[in-house]
Amino acid sequence: MSTTIDLGAVTAYALAVAAGYKGTAEAFATDLANSAKNAATATERATAAGTSATEAAASAKRADDIVKSITLNKYSVRFTGAASAGVREDSAIGMVANVATGGAVVKNDFDRVSFFDRPICCCTRSVTAKSGWIVNAYRGEPGFAADGTNGEVMYECKPFYYKASPDLTFVSVSGTPMEAYQLAPMFKDGETKVYCPSYWMGNVGGKATSRSGDIPSPGGPNSLTALARTFDAGAFLEPMTVRFSDYLLQLVEFADRNLKAVMAGAQVMRYNGEFDKIVSVVSTTVFTTTAAVGGAFVDGQSISIGSARNGSDRIYNVKINTIVTAGDVSTFTLNVPVPTMAAGDFISTRCWQNGATDVVVASSGSPVSNSDGKHPCIWRGKVDPWAHCWSTLADVLVKREGLGTAENPYTYVPYFLPDPKKYANGAITADYVRCNTVLPPTSGYVKALAQDSRYPAAFGPAELGAASNTYVSSYFYNYGYEVAGLVVGGSWNGGGGCSPVCFFCCPPSAGDISILGRLFVLPE
């Protein structure tokens, strides 16, 4: 029998003994075999781990790419020069944003972007809910009621982030925080939703409301703030934080600063006409006038009837159900009796009653026309985002400073109130912050906007010298009051000046039939 000698093993054993190994050759062979086995197992495990790590990394990248494609979109617009229209950038390129009339369904690509989707809902005020409201039902669900029987009617806003130039000639918005983007100022964090009133504030039984069917309550900064507080001690009127945040989305969605060209809103309605008279009274709900006068009004709007021009001693706000014109005669039918009206009485426009836009089922639009200037509009749950009536702002007062001389001319400085609950009947208290911007000293079409560097929501006109369809495409009214409140949006006879950023300085104690309020209670 012959024996095969493994010279490699013998050599390895000899080297091991020389290095101090004390065991036998048989023991060394066993140890060597075990070491080889362990090394092979370790190698297999390392190879498998490497493969798994590679696969895991690839899966993570795929998931990250999917997440980025869904959540890291940014929707941007850029405006250049005098043109009101902007150019879409980033994820907004190629997107379409149509608005509807009545119950029509139109294409609007922004409807599928989560934070642009602002559903209408009926809500109950809650002191424990993080948002300050409890949703009872969304429009289209069982239990939804616009008339207040299941809570006030609000629209739900999801947090978003933005980046913008100080003059808002570039605006970009995103649903996800990104470098150089900040949370829109109407939100307190990136999770808590905010509920804003759909309708103008009404007064039912001495309590402020946001409901369909109500007649909006006119007034001014002081009186409307007092009305809001009948709903809740912490309630207030529309804050600049919301107005600014809405404007960012509006600019991006429609890529046009001339937003009244998208939806005119009620901006050229008949008001204080010299010859707008009742010719004959048919009944307590029916009267006739001339066809020329009839053509100046539309079905569904509200009017006043008075014995004097623009008067309302017969009735302040009554809805026109129908206008039927035959030949030279127009016959008006009203929704409630007016027993005292008489031939020769004057008729004049008043604010539409809440609910005129309820027929709009698209995200934005008007009940009959987006261009005739006689119908209200709705934008993503917010009735009359511009035009129809002025919206009173809760958190800005304007102070006239200087001596009004050539050497020391007047300047008009905004003062911002970070906590709008602290509005104090038009007084600029220690709670206000003096802005580092100034408003134009006269009235005119706005060429440029500016923001306070600390409070971006404290923004407004900075330079005049435009037209109704150039640059910012809005008007600014400054009548030189020593202390003024701000109302915004334009009114039913504001024409080309109407805009989300059409500002009007008025005395805090003012009361006006075209100045309304919105009922806000925001998260603490």
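1. Phe115 has a relative accessibility of 2% in this predicted model, and because buried means under 20%, Phe115 counts as buried. Phe116 falls in that class too, with a relative accessibility of 0%.

2. Phe115 and Phe116 form an aromatic pair. Their ring centres are 5.1 Å apart and their planes stand at 35 degrees, a tilted arrangement. Ring pairs also join Phe115 and Phe116 to a cluster whose other members are Tyr75, Phe110, Phe160 and Phe187. Across the whole structure, the search finds 23 aromatic pairs.

3. A tilted pair is also formed by Tyr477 and Tyr479. The distance between the ring centres is 6.3 Å and the planes meet at 45 degrees, so this pair is classed as tilted.

4. Two arginine side chains are placed over aromatic rings. Arg518 has its charged end over the ring of Trp200, at 3.9 Å from the ring centre. Arg400 lies over the face of Tyr410, and here the distance to the ring centre is 4.5 Å.

5. The model contains an open sheet of 6 strands with antiparallel pairing, in the order 13-14-17-16-15-18. Its edges are strand 13 (280-283) and strand 18 (346-350), each of which pairs on one side only. On average, neighbouring strands of this sheet are turned by 40 degrees against each other, direction ignored.

Notes:
Residues numbered from 1 in each chain as written. Predicted model: local features only at pLDDT ≥ 70, side-chain atom pairs only at ≥ 80, totals over all residues. Heavy atoms only, no water. Pairing = 2+ DSSP bridges. Helix = DSSP H or I, 4+ residues; strand = E, 2+ residues; numbered from the N terminus. Axes fitted to C-alpha atoms, helices over the stretch in contact; angles between N-to-C directions. Phe/Tyr/Trp six-rings, centres within 6.5 Å; stacked < 30°, edge-to-face > 60°. Buried < 20%, exposed > 50% of the residue type's maximum accessible area, 1.4 Å probe, protein only. Lys NZ or Arg CZ within 6 Å of the ring centre and 35° of its normal.
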